Amino acid sequence: MARGASFLIGLFLAVISTSFCASDAIAAPDYPWLTHGDSRTIVSVFAPPPGFVRVAADPGSFADWLRRLPLERGNAGLVLYDGRPIVDDGGAAGVVDIDVGSSDLQQCADAVMRLRAEYLYAHKLPGLIGFDLFDGQRYRFLAYVEGTTPIVAGNGIAWQNGRPEDASHASLRRWLDIVYGFASTRSLARELRPVGRFADAAIGDVLVRPGAPGHAVLIVDMANDPASGRRLVILAESSMPARSVRITRNPHDPTLGPWLPLEDGQPLALPGTSFEASQLRRF
């Protein structure tokens, strides 16, 4: 074979190989809190069980972004916000590679808001970043950039104006810590749109039970069985006190790893709790 033809074939194969590898690679701009780019991802670690295939997700969508969340490397365990390790109760199939912060703030609903805000920030949509606070008022990231912050005023919230901030990721992280102190499972459940049926669930939906304490988890991946129509989901969750965001393990069938059955008429059982279809919400 001629040298030129051999070179072109080799170049073609290299390009094809790179494109396949890139499908599971971590792109630093997509996950701006990362300090490295060699993380494993949900999609690369957790293959669907036999007979199931991942549901389609448009490139650049929240669904596609969530299923490519980076996971901690090695045998990294769960930690509290102050760095103390948590004895694993068997409920974690993996740990999302994202910081907890240094205060007892990023709990269950907060972790859901964190991931939604990070997605919008990574996709250069800062004007869409905002959440409702406990009194129903919406607090937007760009309001913080302009210097506006909330303060408690009696049973409500007042606003004070200070110096403007930049729109960097560090500012987003500081803004989120403020939001965590003024939002909760109650405000998140009130803000999100009800879905109502597990049959209509999608990646990016939230299961939230408002209360004190309440709980909230995020659907980060989904697969179905084309023959039977059965569906499985992967969930990410934090808890209180503030701790690592974990990928939840199936508590009833260890062979399924993190994949949990989602069926109308049946509660979605997690380690230590469960959710009904009526508690399914959407951004």
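The legends below describe close-up views of a predicted model.

**View A. Helix α4 packs against helix α6.**
This view takes in α4, residues 108-122, and α6, residues 169-182. The two axes come within 11 Å and cross at roughly 150°. Angles over 145 degrees count as roughly antiparallel, so α4 is roughly antiparallel to α6. The crossing of α4 past α6 is right-handed. On the α4 side, the residues in the contact are D110, M113, R114, A117, E118 and Y121. On the α6 side, they are H169, L172, R173, W175, L176, V179 and Y180. Sorted by kind, the residues of this contact comprise eight nonpolar, one polar and four charged.

K124 sits in the loop between α4 and β5, the strand of residues 130-132. What is the phi of K124? It is near 55°, a positive value in a residue other than glycine. Most residues other than glycine have a negative phi. The relative accessibility of K124 is 69%. Exposed means over 50%, so K124 counts as exposed.

Strand β7 covers residues 148-153, and strand β8 covers residues 156-161. The two strands pair in the antiparallel sense over six bridges.

**View D. Residue S187 is part of helix α7.**
Helix α7 runs over residues 185-191 and includes S187. Is S187 buried or exposed? Its relative accessibility is 1%, so S187 counts as buried. Buried means under 20% relative accessible area. Leaving aside neighbours within four places in sequence, S187 is in contact with D132, L133 and F134.

Most peptide bonds are trans. The bond from A212 to P213 is cis, with omega near 5°. P213 is in the loop between β10 (206-209) and β11 (215-224). A cis peptide bond also joins M240 and P241, where omega is about -5°. P241 belongs to the loop between β12 (231-237) and β13 (246-248).

**View F. Residue D88 is in the loop between β3 and β4.**
Strand β3 is made of residues 70-71 and β4 of residues 92-95, and D88 lies in the loop between these strands. With a relative accessible area of 44%, D88 is partly exposed. The C-alpha atoms of D88 and L78 are 7.1 Å apart in space, while the two residues are 10 residues apart in sequence.

**View G. Residue E263 is in the loop between β14 and β15.**
The loop that holds E263 runs between β14 (260-261) and β15 (268-270). How many residues along the chain separate E263 and L232? They are 31 residues apart along the chain, and their C-alpha atoms are separated by 8.7 Å. The relative accessibility of E263 is 39%, so E263 counts as partly exposed.

Methods. Residues numbered from 1 in each chain as written. Predicted model: local features only at pLDDT ≥ 70, side-chain atom pairs only at ≥ 80, totals over all residues. Heavy atoms only, no water. Helix = DSSP H or I, 4+ residues; strand = E, 2+ residues; numbered from the N terminus. Buried < 20%, exposed > 50% of the residue type's maximum accessible area, 1.4 Å probe, protein only. Contact = heavy atoms within 4.5 Å. Pairing = 2+ DSSP bridges. Axes fitted to C-alpha atoms, helices over the stretch in contact; angles between N-to-C directions. Parallel < 35°, antiparallel > 145°, perpendicular 65-115°, else oblique. Left-handed = near helix turned anticlockwise from the far one by under 90°. Nonpolar A, V, L, I, M, F, W, Y, C, P; charged D, E, K, R; others polar.
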